[in-house]
Amino acid sequence: MAASAISQTIGVGHVLPLEVVDKCIGNKVWIMMQGTSEFYGTLRGFDDYLNIVLDEVREYQDSGNGGKRVLVNTLDSMLLNGSHVCMIIPGDAPPPKGENEK
């Protein structure tokens, strides 16, 4: 199938998820895991299974007390298991839970 036929089939603006993650390499990302763990750090690399290498990592947990995040650990680097990743948010860290709530 020709490239033009493929682009017409999937749409000109079609972006694959791994392409988005690839564009984040070298930038800060917020990663939400299954359970209550969340990580914020610089994305250094990933594989097809979404196993992720982060540098300058901050680990947060849900305190269970009003839904606020609590910083529990800082690490130079870490490897996250892709099967436990729920969401990757590129860019700056979101505000702590409950900060904008009144």
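**Exercise 1.** In this predicted model, find the hairpin of strand 1 and strand 2, and work out which residue there takes a positive phi.

*Solution.* Start with the two strands: strand 1 covers residues 28-33, and strand 2 covers residues 37-46. Next, look at the link, where three residues sit between the strands. Among these, Gly35 has the positive phi, near 90 degrees. To see the pairing on screen, find Trp30, which stands opposite Tyr40 in strand 2.

**Exercise 2.** Now follow strand 2 to strand 3, and describe how they pair and what their turn holds.

*Solution.* Strand 3 spans residues 52-62, and eight bridges join it to strand 2 in the antiparallel sense.

**Exercise 3.** Decide whether Thr42 is buried or exposed, then list what surrounds it.

*Solution.* First place the residue: Thr42 lies in strand 2, a strand in which eight of 10 residues are buried. Now apply the cut-off, which is under 20% relative accessible area for buried. Thr42 counts as buried because its relative accessibility is 5%. Next, set aside the neighbours within four places in sequence; Thr42 is then in contact with Gly26, Asn27, Lys28, Val53, Leu54, Asp55 and Glu56. Last, zoom in on Glu56: its side chain and that of Thr42 are joined by a polar contact of 3.3 Å.

Key:
Residues are numbered from 1 along each chain as its sequence is written. This is a predicted model: local features need pLDDT of at least 70, side-chain atom pairs count only at pLDDT 80 or more; totals for chains, interfaces and linings use all residues. Side-chain values use heavy atoms; hydrogens and water are left out. Buried means under 20% relative accessible area, exposed over 50%, partly exposed in between (1.4 Å probe, protein chains only). Helices (H or I, at least four residues) and strands (E, at least two) are DSSP runs, numbered from the N terminus. Two strands pair if DSSP finds at least two bridges between them. A polar contact is a pair of N or O atoms within 3.5 Å; within protein, one must be able to donate a hydrogen and the other to accept it, and residues adjacent in sequence count only if both atoms are side-chain atoms. Contact means heavy atoms within 4.5 Å.
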